[in-house]
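Let's walk through this model together, one piece at a time. Keep the sequence and the 3D view side by side as you read.

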Amino acid sequence: MILDEEKLVWIKKVERSGTKYLVTTDVDDDAIKLTEDLIVKYRIIKGNSFYQKDWNKIKNSLNEGILFDQVLHYIDFKMRTEKEVIEYLEKKNSNEVVNKKIIKKLKEIKMLDDDRYTRMFIEGELRKNNGPHLIKYNLMTRGIKEELIDEYLDQIKNDDLYNRAMDVAQKTLRQVIGYPINKQKETIYSKLMRMGYDSNIVNRILNDIKYSEVDLDKLNELYQELLAKKLDKNQIIQKLLAKGYDYNDIKHVINEFE
């Protein structure tokens, strides 16, 4: 009794179809579309035959080739990490063996390089004035090893990070001009921490930056808004204090209004 894998598959027809070839056999219901590389590599011509197991390997190679082309397009659109490529392949229902082959081939042709990705990613994030903690977090979620990230982040000078943080702080300050000093500080602090800066640099910025003076006209408008809500004087003072206004400034506005 001949096992299925030992049965012969006969090539009945090979015809060109665009950049691929349609191969008709005596066992496949539909023509198989193969690349020219596979046609040449396995001498797939009319009249040749293959054991079923070998023919299955050829068809698996086809699937691997298709996946490889898809990954190349995926990488060409945007640089990717090894983890991102593996996750992409898994979504395509690829198996671990094929994944390893594709990853190896991508590394050989320098299309997949986590070291280069890390360096370029950090350069791009620094241009956006993002801080090291946010950069590190984003890289680790992409599967980059912590020691590789630290190697490049450690090369950034503290003065450079300070200047970038100060630039962010000054732009943020423009959004809260005239607000209470505490409000200005809280806004800058929150912004810099969200952007991934170290608390030491953030505290230096808070000490060094020149805050705008409180806009008493703005405080006066806010006071009148609260007064229109029928709040008594003590309630208004408490609400304005909660917003960060100085007690003396509040009393000054109240006295002028009265």
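This is a predicted model: local features need pLDDT of at least 70, side-chain atom pairs count only at pLDDT 80 or more; totals for chains, interfaces and linings use all residues.

Helices (H or I, at least four residues) and strands (E, at least two) are DSSP runs, numbered from the N terminus. Strand 2 covers residues 20-25, and strand 3 covers residues 32-35. These two run antiparallel and are joined by 4 bridges; two strands pair if DSSP finds at least two bridges between them. On its other partner, strand 1 (residues 8-17), strand 2 is also antiparallel, with 6 bridges. Strands 1 and 2 form a hairpin too, with 2 residues between them, and G18 in that turn has a positive phi of about 70 degrees.

Now follow L22 in strand 2: E15 stands opposite L22, and in strand 3 its bridge partner is K33. L22 belongs to the uncovered face of strand 2, along with K20 and T24, while Y21, V23 and T25 make up the covered face.

Finally, look at Q184 in helix 9, residues 181-194. Why is Q184 counted as buried? Because its relative accessibility is 0%; buried means under 20% relative accessible area, exposed over 50%, and partly exposed in between (1.4 Å probe, protein chains only). Leaving aside residues up to four places away in sequence, Q184 touches L173, V176, G178, Y179, Y211 and S212, where contact means heavy atoms within 4.5 Å.

Methods:
Residues are numbered from 1 along each chain as its sequence is written. Side-chain values use heavy atoms; hydrogens and water are left out.
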